[in-house]
Amino acid sequence: MRACTSMLLITMPLACAFAQSGPNGFVPGHIFLTELGTEWNREPRSWIREVNPTTGESWIFADAEDGLYGNAGLAFTPDGSRLRVANLSSNTVIEFDAAGNGAVILTGANGLTGPFGGNCLAWDTLGRFFVINEYGFQALLRYEYASRNPLVLADWQDGLRGGGGIIVDRNGDVLVASRFLQRVTPDGEVSVIDPYFGSNGFPFARSVAIDRRHNRLYVAADHGVFPRGRIHRYRGFDPGTREMILTGFRPLDTAITIVLSNDDAELLIVDESNLYSVNVETLEQRVLFTAPVEPEFARLLGRGMVIAKAPKPGDMNCDNWVNNFDIDPFVLALTDEAGYAARFGWCDRTRADVNRDGTIDNFDIDAFVAAVIADTGD
Ligand SMILES: [Ca+2]
Ligand SMILES: [Ca+2]
């Protein structure tokens with residue numbers, strides 16, 4: 001389903017067109033939000049909304065007819081061509097193409113026991129997919145690329161406490177905001193970064209974001225008492241530097257979700273009613289989108305958010321950076337198409353056409369070197 005419900009529809013009926021699309025179909029910069037009806041427990045009212053933050057237009061990208069049921073975290077596949085959503089109530093992960101065609105790719109048969117949390121889905125730079133469960137053994141699951149049989153990387157016996165936000169940092173560790181703020185290494189070793197107890201009652205970490213240089217770590221926390229939703233910032237991973245930078249948000253039950261913009265300049269926050277954008281330097285805050293209120297029920301945000309990224313030419317491992325780690329896959333893409341597909345199949349070989357002339361050949365080498373130098377993300 002892809003019905004236009006833009007607030008601009010009345011005055012600008014032609015403004016809400018569906019013709020926009022990026023190279024992969026999804027429009028870079030557009031924000032996707034989970035949305036639930038207040039009656040969802042009795043009647044499945046679940047949506048994914050697409051927001052154009054520039055114009056304020058928005059429309060429904062998918063709904064219950066597409067299989068959404070109590071949906072939570074959202075994530076794009078590394079190549080940006082597919083959008084995945086976790087459904088707590090139907091215990092599924094569904095994958096959508098840009099046209100809104102969805103397919104169930106994971107179920108309880110694949111280890112799911114209630115996938116849940118703001119940003120409960122993530123990828124690492126080896127094309128491995130992560131999901132965290134709310135129920136059962138509260139496992140953090142890892143799927144090798146193209147596999148549907150997970151490895152239980154960690155669970156409640158290791159200190160995980162149900163669903164929550166997860167992200168993969170540049171070292172390949174998974175940061176988990178599952179009440180505590182924890183780190184899980186690729187070997188499954190769990191350590192606590194910040195236990196999140198002891199101040200202001202019982203704050204629980206619910207969602208986590210980190211900038212690409214690991215200078216600033218952000219956590220959205222639910223403090224249980226008003227003002228419940230608060231944003232904390234750390235310098236690096238040092239729990240001693242935790243400071244509350246923003247407050248006054250309203251988690252949906254326990255869910256409040258944060259992500260950094262693709263250039264790390266804005267922190268996006270979504271609670272049950274509003275999508276906010278915050279300048280990370282000035283902390284100036286503005287509302288990008290407010291959930292509409294229907295006559296018989298309210299629409300509630302907060303459980304999931306993701307931003308569509310523009311594919312970067314030369315980013316041959318699809319981690320959104322163009323750096324030295326792209327050299328080997330670039331050479332492979334240039335010299336051995338099958339070899340590239342075997343090792344980096346989750347990414348997109350056409351990114352090796354760095355000079356954009358339609359072919360992948362030696363004439364792309366200079367442009368690739370220039371792209372590595374130009375992308376200052378080391
Ligand atoms: Ca890369
Ligand atoms: Ca080329």
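Reply: We begin with strands and their pairing. Helices (H or I, at least four residues) and strands (E, at least two) are DSSP runs, numbered from the N terminus. Two strands pair if DSSP finds at least two bridges between them. In this structure, Asn-274 stands opposite Thr-290 in strand 24. Strand 23 (residues 274-279) and strand 24 pair in the antiparallel sense over five bridges. As to conventions, this is a predicted model, in which local features need pLDDT of at least 70, side-chain atom pairs count only at pLDDT 80 or more, and totals for chains, interfaces and linings use all residues. Residues are numbered from 1 along each chain as its sequence is written, while chains are lettered from A and ligands numbered from 1 in the order in which they are written.

Me: How is burial decided, and which way do the residues of strand 13 point?

Reply: A residue is buried if 20 or more other C-beta atoms lie within 10 Å of its own, exposed if 12 or fewer, and partly exposed in between, with C-beta atoms placed from the backbone. In strand 13 (residues 165-168), Gly-165 and Ile-167 point one way, Ile-166 and Val-168 point the other way, and all are buried. Strand 17 (residues 204-210) is largely enclosed by the rest of the structure, because seven of its seven residues are buried. Six bridges pair strand 17 with strand 18 (residues 216-222) in the antiparallel sense, and Phe-204 has Asp-222 as its bridge partner in strand 18. The hairpin of strand 17 and strand 18 has five residues between the strands, and His-214 in the turn has a positive phi of about 65°.

Me: Why does Asn-110 count as partly exposed, and which residues does it contact?

Reply: Asn-110 counts as partly exposed because it has 18 C-beta neighbours inside 10 Å. Asn-110 is found in the loop between strand 8 (102-106) and strand 9 (121-123). Two residues are in contact if their C-beta atoms, placed from the backbone, lie within 7 Å. Leaving aside neighbours within four places in sequence, Asn-110 is in contact with Arg-148, Asn-149 and Pro-150. The C-alpha atoms of Asn-110 and Ser-147 are separated by 9.6 Å, although these residues are 37 residues apart along the chain.

Me: Which members of the largest nonpolar core touch the most others?

Reply: A nonpolar core is a set of buried Ala, Val, Leu, Ile, Met, Phe, Trp, Tyr and Cys residues joined through C-beta atoms within 7 Å. The largest has 84 residues, of which Phe-130, Leu-140 and Ile-166 touch the most other members. Another core, of 15 residues, lies apart from it and includes Met-316, Trp-321, Val-322 and Tyr-340.

Me: How does one read the buried side of a helix?

Reply: An α-helix has 3.6 residues a turn, so residues three or four places apart point the same way. In helix 1 (residues 327-335), Pro-329, Phe-330, Leu-332 and Ala-333 are buried. They cover an arc of only 160° around the axis (the arc of the directions from the helix axis to the C-beta atoms), which puts them on the same side of helix 1. Helix 2 (337-344) and helix 3 (365-374) are included in what covers these buried residues.
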